[in-house]
Amino acid sequence: MTTHTEAEIASQPSCWQRAVENIPADALPQPGERVAVVGCGTSWFIAMAYATLREQAGLGETDAFAASEAPLGRSYDRVLALTRSGTTTEVLDLLGRVDARTTAITADPNTPVMTLADQVIVLDYADERSVVQTRFATTQLALLRASLGEDLTRAIADASEAVAAPLAAELVEAEQFSFLGAGWSVGLAQEAALKMREASRSWTEAYPAMEYRHGPISIAGPGRVTWMLGTAPEGLRQQVEATGGTFFETSLDPMAELIRAQRVAVARAFARGLDPDEPMHLTRSVILSS
């Protein structure tokens with residue numbers, strides 16, 4: 001029997017295609033605006049990826065914050081809030097207190113965020129039944145990447161490959177993972193590590209690739225995987241392999257490579273007798289009592 005998480009992971013290529021064909025440009029940050037992108041958990045890591053991409057595209061200063069840590073005293077033209085559920089306490093509290101123009105991206109049109117944000121983009125077709133967030137996160141990033149002028153044709157093709165490719169046994173059986181990224185994929189490395197923790201309670205860490213040699217490489221060794229999302233710095237593979245550890249890297253778009261990490265997380269959950277749809281100690285949305 002296929003779990004909700006498995007079905008949602010497999011649907012990502014079609015969700016991305018739909019997102020890039022329907023870009024509500026007037027609701028998204030405009031060129032030259034100073035923007036803060038906020039979210040919690042997975043949404044924070046997607047915010048990190050988008051913020052880096054927008055600045056690299058020369059479209060304006062863009063910061064990413066966990067919603068609970070956003071500095072309200074700074075001046076922004078727009079706050080972009082990412083919230084699958086539309087009910088996360090920290091996001092709603094922030095939207096109620098900022099002076100900037102606000103846009104939210106959500107999956108549920110029947111939630112409080114609809115009235116708290118000035119403009120709302122609803123990706124209800126990418127909503128999920130699983131607590132673990134997979135396709136909504138990547139679909140909103142596909143939308144955001146396309147809004148920056150990126151052509152995602154290759155990324156979508158890579159996603160189809162990642163959905164179908166066999167999973168290496170050494171990934172499913174590994175003792176520990178260190179996910180690495182560079183530039184915009186640093187956020188995706190953080191998200192890959194989070195998926196492993198949520199779905200399979202795996203021991204995972206995440207770092208910018210160039211920082212890995214400044215201490216974290218000490219954890220590398222037999223039975224442990226260093227997984228690069230994107231292109232690795234020169235010489236890093238050799239240094240990891242010299243420890244006896246496994247260095248994993250492909251030529252796939254980093255967002256598509258995240259799909260492979262999601263699939264490994266599910267496979268590891270099954271191997272441990274866990275339900276990836278219902279991770280321990282988690283709920284779909286964190287709603288704090290006042």
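What follows is a short chat about salt bridges and nonpolar cores in a predicted model.

Colleague: Which ground rules apply before we start?
Modeller: This is a predicted model, where local features need pLDDT of at least 70, side-chain atom pairs count only at pLDDT 80 or more, and totals for chains, interfaces and linings use all residues. Residues are numbered from 1 along each chain as its sequence is written, and side-chain values use heavy atoms, with hydrogens and water left out.

Colleague: How many salt bridges are there?
Modeller: The count is 14 salt bridges. The rule is a side-chain nitrogen of Lys or Arg within 4 Å of a carboxyl oxygen of Asp or Glu.

Colleague: What does R74 pair with?
Modeller: R74 bridges to D63, and their closest N and O atoms are 3.8 Å apart. R74 is in the loop between β2 (62-66) and β3 (78-82), and D63 is in strand β2, so the pair ties together parts 11 residues apart in sequence. Strands here are DSSP runs of E, at least two residues; helices are runs of H or I, at least four; both are numbered from the N terminus.

Colleague: Is D63 buried or exposed?
Modeller: D63 is buried, at 16% relative accessibility. R74 is partly exposed, at 44%. Buried means under 20% relative accessible area, exposed over 50%, partly exposed in between, using a 1.4 Å probe and protein chains only.

Colleague: And what does D253 bridge to?
Modeller: R145, with the closest N and O atoms 2.9 Å apart. That pair links distant parts of the chain: D253 sits in the loop between β9 (246-248) and α11 (254-271), R145 in helix α6 (residues 135-147), 108 residues apart. Both D253 and R145 are buried. R145, E150 and D253 are linked in a network of salt bridges.

Colleague: Switching topic. How many residues has the largest nonpolar core?
Modeller: It has 58 residues, and those with the most contacts inside it are I105, F177, F179, L188 and W227. A nonpolar core is a set of buried Ala, Val, Leu, Ile, Met, Phe, Trp, Tyr and Cys residues joined through side-chain atoms within 4.5 Å.

Colleague: Which element gives the most to this core?
Modeller: α11, with 8 residues. The core draws at least three residues from each of domain 1 (4-150) and domain 2 (157-272). Those bounds come from an automatic or database domain assignment.

Colleague: What is I105 in contact with?
Modeller: Leaving aside neighbours within four places in sequence, its partners include L28, L80, I121, F136 and L144. Contact means heavy atoms within 4.5 Å.

Colleague: What about another core?
Modeller: Another core, of 16 residues, lies apart from the largest one; A70, V91, A100 and A104 are among its residues.
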